[in-house]
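Biologist: Before we discuss any single position, could you put the structure on screen and take me through its overall make-up?

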Amino acid sequence: MRALAAIVAVSAVFVTTMVMGQEVVSELPDIKAAKVTRLPEGPHPEKQDDNCSSDFAEPTTEAGRYVLDRGWGVLSEVPIGDYQLVSFAGEFVPGTSGSCAVRQGNIGIFDGSKLKAILYTASKTDELIGVLTPNEVGTVRIWSGDYLGHPVADITAGSVGLIVGEIADEDSFCKGTVTVPTVFGEGITKARQSLISAGWDPVPQPKEEWGQQVDLHALGITEAVSCSGTGFGYCSYAYARAGAKLDVTTAGELFEDSVPGVVDYAVTCE
């Protein structure tokens, strides 16, 4: 089964297509836009009893049900402006520690139940497009589909249509009262300095008896809460400021020349 990239051949750094009299513009060379009104038949990935079972989303919109009927696995459904976005994929590959890689990822742009365009990538085997999540400011974030998902781009609804661009420098939470620098991919030592500069105070935690948390405390990263001893080596960290708490997650191990990198964070509004 060919990927969508083989069906809609477009090559440009800035890719523009007209949808509903407006433009869909991708400013990223690895994500392309094309006007499409009908999805090709997908590879019909089956939901198995494995790590990938939770990556299949049960569609709740007409657009999502159309994608499912065409033989694709629905990942997420998010509205933005006048559009309904549906991310979907053709291949799910289970990995270690409950992880799953999503390949042949695409994003359908719908007007209600009518497909108007897609966002896609050049290779059917890449893992660049996965789940979509809404941001508080009204943009939509594209996450990768690899085993350790990371943010790839933000989609913005403007006066001319949709723009796919770099992720924002900071994320807004708690109705705009707090912001968090987008420290994804940064080592925890650099990330914590960015967070401290942005007004987030490390919250010291009790030291455990053994493990990577102990080593992090020895480096002065006393906000490290705990670390897993297997798999991706996840560690959690606690920060706070007036009106909110911040939980940061890293993956990877501490070595002489490297530190764990940030893979996620979440804010709790008080």
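Modeller: This is a predicted model, and its secondary structure comes to three helices and 20 strands. The radius of gyration is 20 Å, close to the 18 Å that the globule rule gives for 270 residues, so the protein is as compact as a globular protein of that length. Along the principal axes, the C-alpha atoms fill a box of roughly 60 × 40 × 35 Å.

Biologist: What share of the 270 residues in the protein is buried?

Modeller: Burial here means a relative accessible area under 20%. By that cut-off, the buried share of the 270 residues is 45%.

Biologist: Is R141 buried or exposed?

Modeller: R141 has its place in strand 11, which spans residues 140–143. The relative accessible area of R141 is 2%, and the cut-off for burial is under 20%. Because its value is 2%, R141 counts as buried.

Biologist: With which side chains does the side chain of R141 make a polar contact?

Modeller: Leaving aside neighbours within four places in sequence, R141 is in contact with a set of residues including V131, L132, I167 and F184. That set also contains D154 and D171. The side chain of R141 makes a polar contact of 2.8 Å with the side chain of D154, and another polar contact, also 2.8 Å, joins the side chain of R141 to that of D171.

Biologist: How far apart are the mean positions of the positive and negative charges of the protein?

Modeller: The protein has 18 positive and 36 negative charges. Taking the mean position of each set, the separation between the two is 8 Å.

Conventions. Residues numbered from 1 in each chain as written. Predicted model: local features only at pLDDT ≥ 70, side-chain atom pairs only at ≥ 80, totals over all residues. Heavy atoms only, no water. Helix = DSSP H or I, 4+ residues; strand = E, 2+ residues; numbered from the N terminus. Rg over C-alpha atoms; globule rule 2.2 N^0.38 Å. Buried < 20%, exposed > 50% of the residue type's maximum accessible area, 1.4 Å probe, protein only. Lys, Arg positive; Asp, Glu negative; His and termini not counted. Charge placed at Lys NZ, Arg CZ, Asp CG, Glu CD. Polar contact = N/O pair within 3.5 Å; in protein donor to acceptor, adjacent residues only side chain to side chain. Contact = heavy atoms within 4.5 Å.
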